[in-house]
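Colleague: I'd like to understand how the labels on this model were assigned. Could you take me through them?

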Amino acid sequence: TGSDAELKEAESEYRIYVAKVPQASSDDYLIDHSSIIYVMGTDGRYLAEMPAGLPPKAMAATIEPYL
């Protein structure tokens, strides 16, 4: 988490979809957002991404080149 400005910067940098979803029965809301797993290097550099729900073997194949 962070300030609104920091969150907006992260959303832009990582191309994250975010939307506030009002709830009909109250003043409450939900936050809809992207579900992506980012593979980052030890230097913080982007290496790859994996969609949520990717099978474990496919995840391992994505990560293995960076080990």
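Colleague: Why is Tyr-38 called partly exposed?

Modeller: Its relative accessible area is 24%. Buried means under 20%, exposed over 50%, and partly exposed lies in between, using a 1.4 Å probe and protein chains only, so Tyr-38 counts as partly exposed. Tyr-46, at 39%, is also partly exposed. Bear in mind that this is a predicted model: local features need pLDDT of at least 70, side-chain atom pairs count only at pLDDT 80 or more, and totals for chains, interfaces and linings use all residues. Residues are numbered from 1 along each chain as its sequence is written, and side-chain values use heavy atoms, leaving out hydrogens and water.

Colleague: What makes Tyr-38 and Tyr-46 an edge-to-face pair?

Modeller: A search of the whole structure finds two aromatic pairs. In the one formed by Tyr-38 and Tyr-46, the centres are 6.3 Å apart and the planes make an angle of 65 degrees. Rings of Phe, Tyr and Trp (its six-membered ring) pair if their centres lie within 6.5 Å; planes under 30 degrees apart are stacked, over 60 edge-to-face and the rest tilted.

Colleague: How do you know that the charge of Lys-20 sits over the ring of Tyr-29?

Modeller: The charged end of Lys-20 is 4.2 Å from the ring centre. The rule asks for NZ of Lys or CZ of Arg within 6 Å of the centre and within 35 degrees of the ring normal, and Lys-20 is listed as sitting over the ring of Tyr-29.

Colleague: Why is Arg-15 called exposed?

Modeller: Its relative accessible area is 73%, so Arg-15 is on the exposed side of the cut-off. Arg-15 lies in the loop between helix 1 (4-13) and strand 1 (18-22); helices (H or I, at least four residues) and strands (E, at least two) are DSSP runs, numbered from the N terminus. Its phi is near 50 degrees, a positive value in a residue other than glycine.

Colleague: What makes strand 3 and strand 4 a pair?

Modeller: Two strands pair if DSSP finds at least two bridges between them. Five bridges join strand 3 (residues 36-40) to strand 4 (residues 46-51), so they pair, and they run antiparallel. Ile-37 has Met-50 of strand 4 as its bridge partner. The two strands form a hairpin with five residues between them, and Gly-44 in the turn has a positive phi of about 85 degrees.
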